[in-house]
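This report describes selected features of one protein model. The sequence and the structure come first, and the notes follow.

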Amino acid sequence: MTIPVIIFTFLFSTASAGNRLNIVVTIAPQAEFVEKVGGEYVNVSVMVPAAGNPHTYELTPSQLKDVRDADLYFKLGSGIEFELMWMGKIASINKGLTIIDNSAGITLIENEEEKAAKDPHIWLSPKNAVMMIGSIKDALIGRDSEHADVYQKNAEVYINELNSLDREIREKLKDKKKRVFMVFHPAWVYFARDYGLKEIAIESEGKEPTIAGLRSIIDMARENGIKVIFISPQFSTRSAEVVAKETGCKIVAVDDLSKDYTGNMRRVAGVLKEGID
């Protein structure tokens, strides 16, 4: 009589260990965060792919299946256009889906172009990333308490890594005087805030600048001694190339949606260390 019980228990434990939470996130950096905390106990699907633009991207039919099968959705919650457009649809096709706001506890910066809106690029700050990890950890524990110790430990390890990254960036940039850098798309305002920098954007309200606007940007680049312009793979480079040609600036491609979060942030800090006065 005891043999079937032993066999049943073994099979149940094996099946339980093989079950993973199906997680959906908006952008790839969030996938990195969830995988760092969830480890082997999560499957993560990203809604906005690497080449996609979260300000304009539209869901595909195949992605709707990922949403239907999901246990948790971690939204940025910071006003990114993709979520404003699609979160209602996402919630409607999976009534059992738990939606977690990754911006909880984060102070949002006012969007300079749209005073009623907030800047959505919260993940480009290691300090904000630490808070996002906290909400991810709590949600995973809430849904899968069996592995709470694993999620807690993984979160602590990654938070230590993020805090170390923050100190490293601060050390790299501490001696800079002008502390001004230029970008095409204004994605780096939280990063700039954290490290006492100023971001000058070429794009305005999602549009290329006018001829007069471009002249003004060229003048600002010269006045501020700009040496490097950040461009993103999701956006046009035409205006940035004009500014670079007129001022002698170097164009550097940085992907604010890179999944390699810590590596990407270190690279940006390294470029700024060499590229600002």
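Ala 221 sits in helix H8, which spans residues 211–223. Helices are DSSP runs of H or I with at least four residues, strands are runs of E with at least two, and both are numbered from the N terminus. The residue Ala 221 has a relative accessible area of 1% and is therefore buried (under 20% is buried, over 50% exposed and in between partly exposed, with a 1.4 Å probe and protein chains only).

Apart from neighbours within four places in sequence, Ala 221 is in contact with Met 182, Ile 226, Val 243 and Thr 247; contact means heavy atoms within 4.5 Å. Ala 221 and Leu 97 are 124 residues apart along the chain, and their C-alpha atoms are separated by 47 Å.

## Basis of the model

The model is predicted, with local features needing pLDDT of at least 70 and side-chain atom pairs counting only at pLDDT 80 or more, while totals for chains, interfaces and linings use all residues. Residues are numbered from 1 along each chain as its sequence is written, and side-chain values use heavy atoms, leaving out hydrogens and water.

## The sheet

Four strands form an open sheet in the order S2-S1-S3-S4, with parallel pairing; two strands pair if DSSP finds at least two bridges between them. Strands S2 (42–46) and S4 (98–101) are at the edges with a single partner strand each, so one side of each has no neighbour in the sheet. From one strand to the next, the twist averages 25 degrees.

Five bridges pair S1 (residues 21–25) with S2 in the parallel sense, and Val 24 is opposite Ser 45 in S2. S1 and S3 run parallel and are joined by three bridges; Ile 23 has Leu 72 in S3 as its bridge partner. Between S3 and S4 there are four bridges, again parallel, and Phe 74 has Ile 100 in S4 as its bridge partner.

## Helix H4 against the strands

Helix H4 (residues 81–93) lies across S3 (72–75) and S4, running at about 165 degrees to S3. Axes are lines fitted to C-alpha atoms, for helices over the stretch in contact, and angles run from 0 to 180 degrees between N-to-C directions.

S3, H4 and S4 together make a right-handed β-α-β unit: with the strands pointing away from the viewer, the path from the first strand over the helix to the second runs clockwise.
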